[in-house]
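Please keep the sequence and the model in view while reading the numbered points.

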Amino acid sequence: MKNFANASFPPEVVSVMEVALDSAVASLPEPVISSHVRLIAEAILRAAHSGERDPVVLQRLALLELQLTPR
């Protein structure tokens, strides 16, 4: 993951990020592409790093970013 080598989060935030990631990936159409999962994970990490803690908001931000990312 880009720029997250030194990031650390408390366990409760990791749990929130996990919920957001699982929900976002589950909403993707099959087949799920690994690069999409990576982009979603990075978006969630960035948003959580900036202070967002709501898993629904993290999921939505990540999915929006995935839509806006050129492929």
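1. The confidence score pLDDT is the predictor's confidence in each residue, on a scale from 0 to 100. Helices are DSSP runs of H or I with at least four residues, strands are runs of E with at least two, and both are numbered from the N terminus.

2. This is a predicted model, in which local features need pLDDT of at least 70 and side-chain atom pairs count only at pLDDT 80 or more, while totals for chains, interfaces and linings use all residues. Residues are numbered from 1 along each chain as its sequence is written, and side-chain values use heavy atoms, with hydrogens and water left out.

3. The protein has a mean pLDDT of 91, and 96% of its residues reach 70 or more. Among its elements, helix 1 has the highest mean pLDDT (96), and helix 3 (residues 55-68) the lowest (94). Where pLDDT is low, the predicted coordinates should not be read in detail.

4. Helix 1 consists of 16 residues and reaches 22 Å from its first C-alpha to its last, close to the expected 22 Å; the expected span is 1.5 Å times one less than the number of residues.

5. Which residues of helix 1 are buried? They are V13, V16, M17, A20 and A24, where buried means under 20% relative accessible area, exposed over 50%, and partly exposed in between (1.4 Å probe, protein chains only). These residues lie on the same side of helix 1 because they cover an arc of only 95° around the axis, the arc being that of the directions from the helix axis to the C-beta atoms. The face turned away from this buried side carries the exposed residues P11, E12 and A26.

6. Helix 2 and helix 3 are included in what covers the buried residues of helix 1. Contact means heavy atoms within 4.5 Å. Leaving aside residues up to four places away in sequence, I44 touches M17, A20, L21, L58 and A62.

7. A nonpolar core is a set of buried Ala, Val, Leu, Ile, Met, Phe, Trp, Tyr and Cys residues joined through side-chain atoms within 4.5 Å. The largest has 18 residues, of which F9, M17, I40, I44, A48 and L58 touch the most other members. Helix 1, helix 2 and helix 3 each supply at least two residues of this core, and helix 2 gives the most, with seven.

8. Two local details remain. P31 is placed in the loop between helix 1 (11-26) and helix 2 (34-49), and the peptide bond from E30 to P31 is cis, with omega near -5°. V56, in helix 3, is partly exposed, with a relative accessible area of 39%.
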